[in-house]
Amino acid sequence: DPTYRRACLNFMHHCSDQLYEHHAGAFHGKSTLPMLANTLKSCMLSEDIGVVFQTLHTFNNVVSISSDSKFKVLVDTVQTLLERGAEEGNKNLITKVASLFSDQESGIYNLYDTKSAQKLLWQLIEISTDPSVPNSVFFQTTHACIQFLSFNKKIAKTLKETDFLQQLVENMYRGCCQVEEIEDFDTVAHIEGEAEHTNRAELAKDLFDTLATSTPFSLVFDTIADLYQANISSENWKERYGALAVLVYTIEGYADKMCAVYKPLLADVLSRCDDVHNRVRHQSVCVVSQMLLHLAPRVQIDMGAEVTEVLLQLTQNDPSMTVRSESLFSFNPLFDPSDEPEQSVPTKKKGKIHGPTLVRVVEMLLAKLDSDDAKSNDTVLSTTVENFGLIYHSCYESSSLALKLLPFTDQVLERIQCYLDDEYAYDPKEPKKKVQVCALQTATLIVDTLHENTPAIDAAGID
């Protein structure tokens, strides 16, 4: 009776925690675990899918409590269930089996030796590579592979000798390429990141984020870099977009390792910022933004002038409001590199944007205040106001740069003052409307910079 079996399994699931906690000796008794393992195996092979699902639920709980070697008899059964799910096209069964590997604290990983792990991983990647499988199956099977590699570094290294990692990264990249044209690409909702993240491209980006934060740099970054070079010049805009998306979501996870390899990548990405397709240009700027966010002082030293020039051109001239806005946002980490890991910043060497470049940026920001972008989007307006303060603050310890900005100071402060009116007051119910807060912070940074450089200002005879 399947109903009775499911009830028994459910009872076993809820009792297993208490049994292990209060009667660990009995739980690991001479006959208990082999009998339990054989019972679970029998139920996993049931024709009734409800029994199978309840068995997997119970097995996941039991093996998290005790990853005893007695449960190794279930390794082949897990493989059998994956094959059954693939043959029957049962996405729920595949997802349920793959989800067993979603928690690194689960003891299931300990049941696998190198040979059985490789067999499982190849089976998972074969399922996820099929473009016809639902997004949920693609995500869960790929995520299981990443989690397994992260948990067992020894197995990950053995797989590097095969083409498994290349297949894994390629599969995720193909997911990133499954994007469509967005008719409302320049709407406020899209610019402020409110678009739904449910399609395969977004799921693939999440997977790359997980890969970069859990898998060693040496294991996969060469594969990612090769994939980028192979596809960035494709005639298909979706493939160019995918190549850039891969970088966006791996830079953060590998920020501490990127210092030695980022320059040729950044130089190539900057050259892609004039792509004919707005989605590709936007993704190029997103890569630049991520590199600035995590490597800003080093970028200032090595490529500050080139980056600033490209961002200036895009902010002023790009036909897409989304690209213009993202370029404007990227100036923030360029002038305020507060999140940079200390170990990647050269000692006794500090990045600095040259005076003429600073002047051009300030002129661009003043023009941006009067633009349709700022008038129609509170985030663009507040970012513009905020960047004034960051630029002046970047001159805090450089009187020569501070003097370059003095001719603009009265105009900047006058423009900022108008945003201190009640009309722009911060509303907790609309957190994006923070223009007044940014104006107060910017005014403070400008005054602090002027005060710090008063001797140089007086010596120059400037009122």
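Contact here means heavy atoms within 4.5 Å.

What we have is a predicted model, where local features need pLDDT of at least 70, side-chain atom pairs count only at pLDDT 80 or more, and totals for chains, interfaces and linings use all residues. Residues are numbered from 1 along each chain as its sequence is written, and side-chain values use heavy atoms, with hydrogens and water left out.

First, the whole chain. Take the contacts between residues at least 6 apart in sequence: 76% of them join residues at least 24 apart. The chain has 24 helices and zero strands. Both are DSSP runs, numbered from the N terminus: helices are H or I with at least four residues, strands are E with at least two. Of the 463 residues, 51% are buried. Buried is under 20% relative accessible area, exposed is over 50%, and partly exposed lies in between, with a 1.4 Å probe and protein chains only.

Now the core. A nonpolar core is a set of buried Ala, Val, Leu, Ile, Met, Phe, Trp, Tyr and Cys residues, joined through side-chain atoms within 4.5 Å. Which residues touch the most other members of the largest one? Phe59, Phe101, Tyr112 and Met258 do, out of 137 residues. Helix 17 gives the largest share of this core, 15 residues. Look at Phe101. Beyond its neighbours within four places in sequence, Phe101 is in contact with Val78, Ile108, Tyr109, Tyr112, Leu120, Ala144, Gln147 and Phe148.

Next, helix pairs. Two packed helices are described by the angle between their axes and the distance between the axes. Axes are lines fitted to C-alpha atoms, for helices over the stretch in contact, and angles run from 0 to 180 degrees between N-to-C directions.

Start with helix 5 (residues 75-88) and helix 7 (residues 114-129). Their axes come within 11 Å and cross at roughly 15°. That makes helix 5 roughly parallel to helix 7. Angles under 35 degrees count as roughly parallel, over 145 as roughly antiparallel, 65 to 115 as roughly perpendicular, and the rest as oblique. From helix 5, Val75, Gln79, Leu82 and Glu83 make the contact; from helix 7, Ser116, Lys119, Leu120, Gln123, Leu124 and Ile127 do.

The second pair is helix 17 and helix 19 (residues 355-369). They pack at about 20°, with axes 11 Å apart. Helix 17 and helix 19 are therefore roughly parallel too. Helix 17 brings Thr308, Glu309, Leu312, Gln313, Thr315 and Gln316 to the contact, and helix 19 brings Thr357, Arg360, Val361, Met364 and Lys368.

Stay on Thr357, in helix 19. Buried or exposed? Thr357 is buried, because its relative accessible area is 18%. Thr357 and Leu312 are 45 residues apart in sequence, yet 9.5 Å apart in space, C-alpha to C-alpha.

Another threonine: Thr141, in helix 8 (residues 135-151). Thr141 is buried, with a relative accessible area of 0%. What is Thr141 in contact with, leaving aside its neighbours within four places in sequence? The answer is Ile94, Ala98, Leu124, Ile127 and Ser128.

Last stop, helix 16 (residues 262-271). Its buried residues are Tyr262, Leu265, Leu266, Asp268, Val269 and Leu270. What covers them? The cover includes helix 13 (217-231), helix 14 (237-251), helix 15 (255-258) and helix 17 (278-317).
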